[in-house]
Amino acid sequence: MFEKVLIANRGEIALRVIRACREMGIRSVAVHSTADSDAMHVRMADEALCIGPPSATESYLSVPAIISACEITGAEAVHPGYGFLSENAQFVQVVEDHGLTFIGPSAEHIRMMGDKITAKETMRALGVPCVPGSEGGVEDIHTAREIAGDIGYPVIVKATAGGGGRGMKLARSAADIDAAFSTARAEAKAAFGNADVYIEKYLANPRHIEIQVFGDGKGGAVHLGERDCSLQRRHQKVLEEAPGPSIDEATRQRIGRICADAVARIGYSGAGTIEFLYEDGEFFFIEMNTRLQVEHPVTEAIFGVDLVREQLRVASGMAMSFGQDELELNGHAIEVRINAEKLPNFAPCPGMVKTFHAPGGLGVRMDSALYGGYVIPPFYDSLIAKLIVHGRDRPEALARLRRALGELIVDGVETTVPLFHALLAEPDIQRGDYSIHWLEDWLERNLQPGAPQ
Ligand code: ADP
């Protein structure tokens, strides 16, 4: 096992990794920008090093700065968290070239899944069900019209290099395809430097269901069931739950096995998530994330495992500490992402947190880097806390979430907590009856400026 690990991230996910390291007797190194000198991850790690100015490009995304930090501190391995450099194959290569270990999959697997056309082709060949669409990229408008006509409208034009919901354009009918094709290409070129696009059937009312997989890098892999992440705003997840309210045990085992077999066959190493749209009992692969997800704690809660611990074990060459047969699903877990944002427009609201009180009690987990007196800097993501609750069943988890949200105090900045209070009062949410469009529709009806609140 490693003696010292550097965490190339900040905020709650840096704390998450530091905590796992400490429990395993591994020394942790935090890196930070000048804007984060007083951040909790800096205080909690065994060592900390300033690696640059506030701009992420010059600090958390600076490969030379992070490699130098490893050399200065003698860290043997790097945990990337999520975001920043976590899915950057070039970074993985540089880490390895310096004789260090990247805690995550190989550069080859990151590259394979980072290009969505390649990812889809690979998954299809491995027997994973995909959204009907073009075989590979679509290069000219004539082919685009032909393929869209064959698939049947509505279709969605998507960037192969896309991410964060960008580079996607909907064509409802043949009249829209020319515009959708050319704007998607232009936006993809501007945002990702790669204009390649592909075309998919647009699913009208699916759920977003994702399968947590974990590979040992030696041809073995397990799945840890699904998470339902359908509640999204602008393609960003807002609330996640596990198990999915629409998935039964037989379905879970069937899709879980397909996913575990697929990653086992490519020799995948570490944590990964295979994302699907799920409609009328059918799964359609959309993409694979080759890292730990923000919402991993709901899976940890229902299976009673520590996914970061497993990442550290596998990256250091040890075996995983459980096999598929030892994984038993227990109860229900829900996570809400609390952002420092002002409703109804979700405008970022950085500033000083005067008072902070975290909820507690049975089945409550709070992953947050906040403390009273902390100043949330304006330079980074607005996620300030993840509240995760676990109950024996879904109604108990919902009641616990309501209770825990009521105990939470964050004074000084606006947060998205009132949104969750409102959502919990909705019968559709109580029943678990929502698709990927539910939240946007609800926000339009309830949270637009001037709408009754
Ligand atoms: P990104 O990498 O940008 O997150 P994804 O391919 O994961 O892109 O898609 C993000 C979201 O966009 C999905 O969760 C879903 O809400 C919507 N979406 C993507 N593809 C389709 C499709 N074929 N039909 C309907 N909605 C889609």
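## Close-up views of a predicted model

View 1. Asn289 is found in strand β13, where helices (H or I, at least four residues) and strands (E, at least two) are DSSP runs, numbered from the N terminus. At 5% relative accessibility, Asn289 counts as buried; here buried means under 20% relative accessible area, exposed means over 50%, and partly exposed is in between (1.4 Å probe, protein chains only). The Asn289 side chain makes a polar contact with the side chain of Gln293, at 3.0 Å. A polar contact is a pair of N or O atoms within 3.5 Å; within protein, one must be able to donate a hydrogen and the other to accept it, and residues adjacent in sequence count only if both atoms are side-chain atoms. Before moving on, keep in mind that this is a predicted model: local features need pLDDT of at least 70, side-chain atom pairs count only at pLDDT 80 or more, and totals for chains, interfaces and linings use all residues. Residues are numbered from 1 along each chain as its sequence is written, and side-chain values use heavy atoms, with hydrogens and water left out.

**View 2. The shell around the ligand.** Count the neighbours here and you get 22 residues surrounding the ligand, with Lys116, Lys158, Gly165, Lys201 and Glu287 the closest. By class, the shell has 8 nonpolar, 7 polar and 7 charged residues. For that tally, Ala, Val, Leu, Ile, Met, Phe, Trp, Tyr, Cys and Pro count as nonpolar, Asp, Glu, Lys and Arg as charged, and the others, Gly among them, as polar. Five strands each supply at least two shell residues: β6 (155-163), β7 (166-171), β8 (197-201), β12 (269-279) and β13 (282-289). β6 gives the most, with 4 residues. Domain 2 (132-201) and domain 3 (207-446) each contribute at least three residues to the shell, with domain bounds taken from an automatic or database domain assignment.

**View 3. N and O atoms at the ligand.** Leu203 has a backbone N or O atom 2.9 Å from a nitrogen atom of the ligand. For His235, a polar side-chain atom sits 3.2 Å from a ligand oxygen atom. In the side chain of Glu275, an N or O atom is 3.5 Å from an oxygen atom of the ligand. Overall, the protein covers 95% of the 550 Å² of accessible area that the ligand has on its own; accessible areas come from the Shrake-Rupley method with a 1.4 Å probe, and for residues only the protein chains shown count as cover.

**View 4. Strands β6 and β8.** These two pair in the antiparallel sense over 5 bridges, and two strands count as paired if DSSP finds at least two bridges between them. Lys158 has Tyr198 in β8 as its bridge partner. β8 is mostly covered, with 4 of its 5 residues buried.

**View 5. β10 between two antiparallel partners.** How many of the residues of strand β10 (221-233) are buried? The count is 13 of 13. Strand β9 (residues 207-216) joins β10 through 6 antiparallel bridges, and Ile209 stands opposite Asp228 in β10. The β9 and β10 hairpin has 4 residues between the strands, and Gly217 there takes a positive phi near 75°. On to strand β11 (residues 236-242), which runs antiparallel to β10 and is joined to it by 4 bridges; Gln232 has Lys237 in β11 as its bridge partner. The β10 and β11 hairpin has 2 residues between the strands, and Arg234 takes a positive phi near 50°.

**View 6. An open parallel sheet.** The 5 strands come in the order β3-β2-β1-β4-β5, with parallel pairing. β3 (47-52) and β5 (101-102) stand at the edges with a single partner strand each, so one side of each is left without a neighbour in the sheet. Strand β4 (residues 77-79) and β5 run parallel, joined by 2 bridges, and Val78 has Phe102 in β5 as its bridge partner.

**View 7. Helix α10 and the glycine after it.** Helix α10 (residues 296-303) is mostly covered, with 7 of its 8 residues buried. Those buried residues are His296, Pro297, Val298, Thr299, Glu300, Ile302 and Phe303. Gly304 follows α10 and has a positive phi, near 65°.

How values were computed. Near = heavy atom within 4 Å.
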